[in-house]
Amino acid sequence: MSTIAIISSFADDTHAAHAIEELRASQVADFHTFAPFPSHKIEHAIGKKKSPVRWIVLTGGISGVLTGLAITIGTTYEWRLNAGGKPLLSWPPFIVICFELMVLLGGIFGFFGVLGLAGVPATESAPGYDARFGGDRFGIVVRCDEAEAARVESMMKESGAEEVVREGVQQAAPNP
């Protein structure tokens with residue numbers, strides 16, 4: 001059985017969100033959405049969870065603090081420079097270094113976390129993407145079997161799709 005891609009375009013995010021809710025209600029799971037701008041209605045309809053980037057940034061911040069402590073305490077014990085009879089472990093200057101490394105590594109981890117979770121750089125365009133989806137239209141691409149295609153097309157049209165196009169998707173040849 002071959003897979004069909006049903007590409008539907010919508011004029012506004014309300015109709016697209018309604019179509020996504022219909023797809024989720026009928027338990028169609030293999031769909032992708034495209035939007036010219038971020039839409040909370042579509043995110044809510046998809047059921048998108050909070051991003052794990054905040055945990056990645058927290059990990060980077062904690063790593064920065066621990067790295068700062070390791071560097072400052074390690075160099076203090078390695079060199080054992082006693083300046084003016086002060087204690088070897090003097091916390092006020094250590095706090096500054098720990099803070100700076102916390103911010104630096106938190107930012108670096110966050111940057112690469114966002115890139116990694118967003119799939120950047122994209123080596124190929126998403127299947128079914130139309131240039132209008134980046135301009136002024138919202139798009140939903142549903143992959144389904146031929147038996148389900150008519151039902152999905154009617155759901156998209158009933159949800160307010162301006163255009164519904166059916167495309168055949170090439171399947172990978174099985175390995176011998």
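Which residue's side chain meets that of E163 in a salt bridge? It's R132, with N and O 2.9 Å apart. A salt bridge here is a side-chain nitrogen of Lys or Arg within 4 Å of a carboxyl oxygen of Asp or Glu. Before going on, a word on the model: it is predicted, so local features need pLDDT of at least 70 and side-chain atom pairs count only at pLDDT 80 or more, while totals for chains, interfaces and linings use all residues. Residues are numbered from 1 along each chain as its sequence is written, and side-chain values use heavy atoms, with hydrogens and water left out.

Back to that pair. E163 sits in strand β4 (residues 163-169) and R132 in the loop between α4 (91-118) and β3, so the contact ties together parts that are 31 residues apart in sequence. (Helices, H or I with at least four residues, and strands, E with at least two, are DSSP runs numbered from the N terminus.) R132 also forms a salt bridge with D130, where the closest N and O atoms are 2.8 Å apart. That gives a network of salt bridges linking D130, R132 and E163. How enclosed are these residues? On the scale used here, buried means under 20% relative accessible area, exposed over 50%, and partly exposed in between (1.4 Å probe, protein chains only). D130 is partly exposed at 26%, R132 is partly exposed at 33%, and E163 is partly exposed at 33% too.

The structure holds 7 salt bridges, and another one to look at joins the side chains of R137 and E162, at 2.9 Å from N to O. R137 is in the loop between α4 and β3 and E162 in the loop between α5 and β4, 25 residues apart, so to speak a link between distant parts of the chain. R137 is partly exposed, with a relative accessible area of 22%, and E162 is partly exposed at 47%.

Now follow the chain into β3. Of its 8 residues, 6 are buried, so β3 is largely enclosed by the rest of the structure. Strands count as paired if DSSP finds at least two bridges between them. β1 and β3 run antiparallel and are joined by 8 bridges; A5, for instance, has R143 in β3 as its bridge partner. Strand β2 (residues 31-34) is antiparallel to β3 as well, through 4 bridges, and H32 stands opposite V141.

What about the nonpolar residues? A nonpolar core is a set of buried Ala, Val, Leu, Ile, Met, Phe, Trp, Tyr and Cys residues joined through side-chain atoms within 4.5 Å. The largest one has 21 residues, and those with the most contacts inside it are F10, L23, I140, V142, V152 and M156. At least two residues each come from β1 (3-10), α1 (13-25), α2 (40-46), β3 (138-145) and α5 (146-158), with the largest share, 5 residues, from α1. Take V152: leaving aside residues up to four places away in sequence, V152 touches I6, L23, V28, V142 and C144 (a contact is heavy atoms within 4.5 Å). A second, separate core of 5 residues includes A5, F34, F133 and V141.

Finally, have a look at K48, K49, S51, P52 and V53, which are among the residues lining the largest pocket, along with V114, L117, A118, G119 and A122. The largest share of that lining, 3 residues, comes from α4. A pocket, found on a 1 Å grid over the protein atoms alone, is an open set of points where a 1.4 Å probe fits, with protein on both sides within 12 Å along at least five of seven lines; lining residues have an atom within 4 Å of a point.
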